Amino acid sequence: MTATADQAAGTDAEEAARFLALLKAFEGQSAATAGRGKDPVNLPMIRHWCEAMGDADPAYTGPDAIAPPTMLQAWTMGGLSGHGDRSCAYDELLGLLDDAGCTSVVATDCEQEYLRPLRPGDTITYDAVIESVSPRKTTKLGTGHFVTTRMDVRADGELAGTHRFRILKYAPAAPRGKKPGARRPRPVVNRDNQGFWDGVADHKLLIQRCTACATLRFPWLPGCNACASLDWDTVEASGAGTVFSYVVMHHPPFPDFTAHENAAAGAGPYAVALVELAEGVRMVSNITGVPYDKVRIGLPVQLEFLRVDEDLELPVFRGSEG
C-alpha cells in the first residue's frame, strides 16, 4: 500500500470513529416517553391474534383469559395514524444516519421478556430508550449500523414485560448482476424443510404430521407445537383451499413476480395470500389466474406448480373469477 493509500485509509478510519462517537452519544436517550396504548387489552384483539396464529390454547379464552405473551408489542402499536410520543432524540439519530447515506431500514430481530400476564381491561403504558448503536457493519444488504431500542411495557402501572427491537439502518449495496435465469429470489432450503422442497420437485405439496398426536403443521418445523414430539411423517395435500387473508403488493415494483401473468404488462401489483388448505393448515403463496383486484377472502383456489425459471418451481394457487 502506498503512502497516499495509507493516509486515505487513516482518514476513513478517523471519520468512521468520529461518526460512531456521534451515534453513541444517543445511547441511553429516550426513544418514547409516557406512551399509551390506543386500546386496553381486549378479547376481540386476542381472538384475532389467536385465529391468525392458529393458537387454540384455552388460556386465551373464557372469563379468566389472558393475552398470548407474544402479543406484548401489539398493544403498543400506533396503527396507520401512528403515535405522537416518539422522542426528538430518536428522530435525530435516524436523520443523522440518513444524512450519512444509510437511507434504508430493515427490522432484524426482537427479544421479549414477560414478567406478568396481560388480561382484558389492562391499560397499557410504555417508555422506550435507545439502548445501543453498533459500530459500522457490512452485510449482504449493505453497510450501516444496528440500532436497538428497549421498551418497558406496563399494565395499569405495573411492569409487565420488556421488548427489545433491533433495526439495521444501511446504505444499500450496489446490485449485483443477475445470474441468467435466476429471476426470483431463491427459497432457503435447510435440513428442516428439505422434504417439503423434495415434494415440490415431485409436484406434491407435503404437510408434516406428528406421529404422536396426529396434528398437522405448516410450515415445516423440527418438532410438534402441540405435544413437542420430534417424530413425524407427511401427508399429501389435496390442493384445494380458500383465501383466508391477502395483501396486494403495489410498491416497490417487482416484475419478476408478475412476468408469469403478463410479461407485456411489466411490473405491476400482485396478490399474496394466506391460503387455508382443505386439510386445515395455512400457507402463504401467490394467487394466479385472477386479476389482483379480484382476489377476495373466501375465494376458492386450487394448487398448481409454477415454473419460474429452468431451476425453480414453486407451489402457487389458481383462483377462478367464476
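**Burial and overall make-up**

I started with burial: 34% of the 322 residues in the chain are buried, where buried means under 20% relative accessible area, exposed over 50% and partly exposed in between, with a 1.4 Å probe and protein chains only. This is a predicted model, so I kept in mind that local features need pLDDT of at least 70 and side-chain atom pairs count only at pLDDT 80 or more, while totals for chains, interfaces and linings use all residues. Numbering runs from 1 along each chain as its sequence is written, and side-chain values use heavy atoms, with hydrogens and water left out.

I counted 4 helices and 14 strands in the chain. These are DSSP runs numbered from the N terminus, helices being H or I with at least four residues and strands E with at least two. For contacts (heavy atoms within 4.5 Å), I took those in the chain with a separation of 6 or more: residues 24 or more positions apart account for 66% of them.

**Confidence**

I checked pLDDT, the predictor's confidence in each residue from 0 to 100. The chain mean is 88, and 89% of the residues reach 70 or more. Over residues 5–9 the pLDDT is below 50, and this stretch has 1 contact in the model beyond near neighbours in sequence. Where pLDDT is low, the predicted coordinates should not be read in detail.

**Helix H3**

I looked at H3, residues 88–99: its 12 residues reach 16 Å from first C-alpha to last, close to the expected 16 Å, which is 1.5 Å times one less than the number of residues. Its buried residues are Ala89, Tyr90, Leu93, Leu94 and Leu97. Seen down the axis of H3, they fall within an arc of 135°, so they line one face of the helix; the arc is taken over directions from the helix axis to the C-beta atoms. Cys88 and Asp99 are exposed, on the face turned away from the buried side. After H3 comes glycine 101, with a positive phi near 95°.

Most residues other than glycine have a negative phi, and most peptide bonds are trans. I noted these departures here:

- Phenylalanine 218 and proline 219 are joined by a cis peptide bond, omega about 5°; proline 219 sits in the loop between strands S8 (216–217) and S9 (232–236).
- Alanine 228 is in the loop between S8 and S9 too, with a positive phi of about 75°; at 57% relative accessibility it counts as exposed.
- Histidine 203 has a positive phi of about 60° in the loop between helix H4 (194–201) and strand S7 (206–210), and at 43% relative accessibility it counts as partly exposed.

**Sheets**

Strands pair here if DSSP finds at least two bridges between them. I traced an open antiparallel sheet of 3 strands, S8-S7-S9, with S8 and S9 as the edge strands, each pairing on one side only. S7 and S8 pair over 2 bridges, and arginine 209 has leucine 216 in S8 as its bridge partner.

I also found a barrel: 5 strands close in the order S10-S11-S12-S14-S13, with mixed pairing. Its neighbouring strands are turned by 50° against each other on average, direction ignored. S12 (282–288) and S14 (312–319) run parallel over 2 bridges, and threonine 288 stands opposite arginine 318 in S14. H4 lies across S13 (300–309) and S14, at about 75° to S14; axes are lines fitted to C-alpha atoms, for helices over the stretch in contact, with angles from 0 to 180 degrees between N-to-C directions.
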